[in-house]
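Open the model in your viewer and keep the sequence panel beside it. Each stop below gives a selection, then what to look for.

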Amino acid sequence: MNQTKQVSHKLPDDHVQKLEQIAEVIAKYEAKPSNLIMILHAAQGIYGYLPYPVQKFIADKMNIAVSEVSGVVTFYSFFSTNPKGKHTILVCMGTACYVRGGKKLVDGLQKHLGVNVSETTEDGKFTLSVARCIGACGLAPAMMVDDTVYKSVNPNKLESILSKY
């Protein structure tokens with residue numbers, strides 16, 4: 001039997017206040033299409049992520065096509081269309097980190113957390129992400145949990161690091 005995941009295009013009623021805040025941001029930037037990235041950045045900060053209904057709301061308020069908004073959201077990896085976990089794990093996959101074991105960290109985290117890259121654990125605790133470089137090449141392989149950088153990480157250290165969260 002072929003089952004498709006039902007996608008909701010309706011926001012819960014308690015999110016009206018957040019949409020009002022997003023509308024204020026759009027007004028502040030005068031709904032100029034050239035300010036779309038700044039508006040999306042602020043909207044993600046307010047809402048936490050950018051699901052389709054929020055994208056449509058922004059498009060309607062800016063009088064632009066929702067496809068234009070969605071195109072920007074899906075092009076830039078900073079934007080997320082799914083809720084993020086309480087903590088974000090970011091594994092550096094830049095050259096120095098990759099060569100020194102970055103891929104092994106990703107594999108270890110996927111196994112330990114039970115998620116793939118760009119996914120959030122079922123309990124909403126962690127979101128696993130990768131980055132091209134976090135600017136910590138001398139600490140390779142490096143990863144971040146929220147704003148804390150961990151240096152010379154190997155798969156054996158993952159459980160100890162994650163237990164802090």
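Helices here are DSSP runs of H or I with at least four residues, numbered from the N terminus. With that in hand, select N35: this residue lies in the loop between helix 1 and helix 2. Keep in mind throughout that this is a predicted model.

**Stop 1: the whole chain**

The chain has six helices and four strands. Read from the N terminus, the order of elements is α-α-α-α-β-α-β-β-β-α. Along the principal axes, the C-alpha atoms fill a box of roughly 50 × 45 × 30 Å. Colour by burial next. Of the 165 residues in the chain, 39% are buried. Residues 24 or more positions apart account for 61% of them.

**Stop 2**

Return to N35 and show its side chain. Is N35 buried or exposed? Its relative accessibility is 14%, and buried means under 20%, so N35 counts as buried. Which backbone atom does the side chain of N35 reach? Look for the backbone oxygen of Y29, at 3.0 Å.

**Stop 3: helix 2**

Step along to residues 36–47, which form helix 2.

Now pick out the buried positions: L36, I39, L40, A43, Q44 and Y47. Turn the view to look down the axis of helix 2. These buried residues fall within an arc of 135°, so they line one face of the helix. The spacing has a simple background. An α-helix has 3.6 residues a turn, so residues three or four places apart point the same way.

What does that face pack against? The buried residues of helix 2 meet helix 1 (16–28), helix 3 (52–62) and helix 4 (66–75).

Two more things to select here. Show K18 and Y47 together: the charged end of K18 sits over the ring of Y47, 5.5 Å from the ring centre. Then move just past the end of helix 2 to G48, where phi is positive, at about 100°.

**Stop 4: helix 3 and I58**

Select helix 3 and show side chains. Its buried residues are P53, V54, Q55, F57, I58, A59 and M62. They pack against helix 1, helix 2 and helix 4. After helix 3 comes N63, with a positive phi near 60°.

Centre the view on I58, which is found in helix 3. This residue is buried, with a relative accessible area of 0%. Which residues does I58 touch, leaving out those up to four places away in sequence? Select I22, I26, L36, I39, L40, A43 and V69. Among these, L36, I39, L40 and A43 also belong to the buried set of helix 2. For a sense of scale, draw a line from I58 to N82. Their C-alpha atoms are separated by 17 Å, and the two residues are 24 apart along the chain.

**Stop 5: the aromatic cluster**

Select F75, Y76, F78 and F79. Ring pairs link these four residues into a cluster. How many aromatic pairs does the structure hold? There are four.

Look at Y76 and F79. Their ring centres are 6.4 Å apart and their planes meet at 85°, so the pair is edge-to-face. Then switch to F78 and F79. This pair is edge-to-face too, with 5.5 Å from centre to centre and 70° between the planes.

F79 is buried, at 8% relative accessibility. Y76 is partly exposed, with a relative accessible area of 37%. F78 is also partly exposed, at 45%.

**Stop 6: L105 in helix 5**

Finish at L105, in helix 5 (residues 95–113). Its relative accessibility is 0%, and it counts as buried. Show its contacts, again skipping residues up to four places away in sequence: V91, P141, V153, N154, P155 and L158. Last, draw a line from L105 to A140. They are 35 residues apart along the chain, with 11 Å between their C-alpha atoms.

Definitions and conventions: Residues numbered from 1 in each chain as written. Predicted model: local features only at pLDDT ≥ 70, side-chain atom pairs only at ≥ 80, totals over all residues. Heavy atoms only, no water. Helix = DSSP H or I, 4+ residues; strand = E, 2+ residues; numbered from the N terminus. Expected span 1.5 Å × (residues − 1). Buried < 20%, exposed > 50% of the residue type's maximum accessible area, 1.4 Å probe, protein only. Arc of directions from axis to C-beta. Contact = heavy atoms within 4.5 Å. Phe/Tyr/Trp six-rings, centres within 6.5 Å; stacked < 30°, edge-to-face > 60°. Lys NZ or Arg CZ within 6 Å of the ring centre and 35° of its normal. Polar contact = N/O pair within 3.5 Å; in protein donor to acceptor, adjacent residues only side chain to side chain.
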